[in-house]
Structures are given as C-alpha cells and as structure tokens.
Amino acid sequence: MLRSMVVALLSLITGSALAVDTTFLLINSTSYPISEMSITQHDMGMWSPNLYHGPAIKPGESRQIVIPASQLVCQVDMKLGFSDGTPAATWQYLNLCDLRKIRVYYDRYSGITTARYNE
C-alpha cells in the first residue's frame, strides 16, 4: 500500500516537472482591438478562462501569449474577444504544440476567420 502511494506521488511530481508553459506571438491583423483569448480542445466547446490579461492588442500590434501547462493540449480552437464590442471570433484546428507565431484575420461581415502560422 505504501509503495503504491509512493509510486503515485513520484509520478505526479515527475509529471508536474515535465509540464511547461508554451508561448507564441499573436499578431492582430483584424480591424478590432483584441482584449480576451480562450482555448478549448478542438470541437469541445468548453472554453478556458481568459488567458490574456494585458492591454488590448490594437490592429497591427502583437503580443507574446503564454498558455499555462495546465491548459495545454495540442489541437485547439481559439476564441478572441474584442474590446470594441465586436462579437468574439473563433479560429479552429490550431496546433499549440508547434505554434510559434500566428497572424489572425477576421471579417466581421462574413464571419470568416483566417490565420497565417509560423511565417
């Protein structure tokens, strides 16, 4: 019994030590200031809390985004909220494990979101 508890504890500690945050550069190529960012495992629809707490990212600006290891899964959808009241937009099928830089585009009138990765 004690041995099982020690093994379980060591595996938790080892797993925690291996878990690291991931970062990427988010470039705002929309026409709207970005104030919030949430992620969900692809097609799950259970959004994380807001992961961006800095000043709004104005059109043309960029910021380093940190995804805590506790929130990290590779295949995600990302939802961005805008500080001017524009409805939130979603980008699908992002691989956070390989992402270094993403430039996001959004056409509010058509609802179309596009992105360029690691350019």
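Predicted model: local features only at pLDDT ≥ 70, side-chain atom pairs only at ≥ 80, totals over all residues.
The partners are cysteine 74 and cysteine 97, with their sulfur atoms 1.8 Å apart. The link between cysteine 74 and cysteine 97 is left-handed, at -85 degrees about the S-S bond. What does the pair tie together? Cysteine 74 sits in the loop between E3 and E4, and cysteine 97 in the loop between E5 and E6, so the bridge joins parts that are 23 residues apart in sequence. Neither end is tucked away: cysteine 74 is partly exposed, with a relative accessible area of 33%, and cysteine 97 is partly exposed too, at 39%.

Now step inside. In soluble globular proteins, nonpolar side chains tend to be buried together. Here the largest nonpolar core has 23 residues, and Phe24, Leu26, Met37, Met78, Leu80 and Trp91 have the most contacts inside it. E4 gives the largest share, with four residues.

Trp91 deserves a stop of its own. Leaving out residues up to four places away in sequence, tryptophan 91 touches Asp77, Met78, Leu80, Phe82, Val104, Tyr105, Tyr106, Thr113, Thr114 and Ala115.

That brings us to the aromatics. The structure holds four aromatic pairs. One of them joins tyrosine 32 and phenylalanine 82, edge-to-face, at 5.5 Å centre to centre with 65 degrees between the planes. Tyrosine 32 is in the loop between E1 and E2 and phenylalanine 82 is in strand E4, so this pair links distant parts of the chain, 50 residues apart.

Another pair brings tryptophan 91 back into the story: with tyrosine 106 it forms an edge-to-face arrangement, 6.4 Å centre to centre and 65 degrees between the planes. Tryptophan 91 belongs to strand E5 and tyrosine 106 to strand E6, so here the parts tied together are 15 residues apart in sequence. Tyrosine 106 is buried as well, at 13% relative accessibility.

Note on methods
Residues numbered from 1 in each chain as written. Heavy atoms only, no water. Core = buried A, V, L, I, M, F, W, Y, C linked by side-chain atoms within 4.5 Å. Buried < 20%, exposed > 50% of the residue type's maximum accessible area, 1.4 Å probe, protein only. Helix = DSSP H or I, 4+ residues; strand = E, 2+ residues; numbered from the N terminus. Contact = heavy atoms within 4.5 Å. Disulfide = S-S within 2.5 Å. Phe/Tyr/Trp six-rings, centres within 6.5 Å; stacked < 30°, edge-to-face > 60°.
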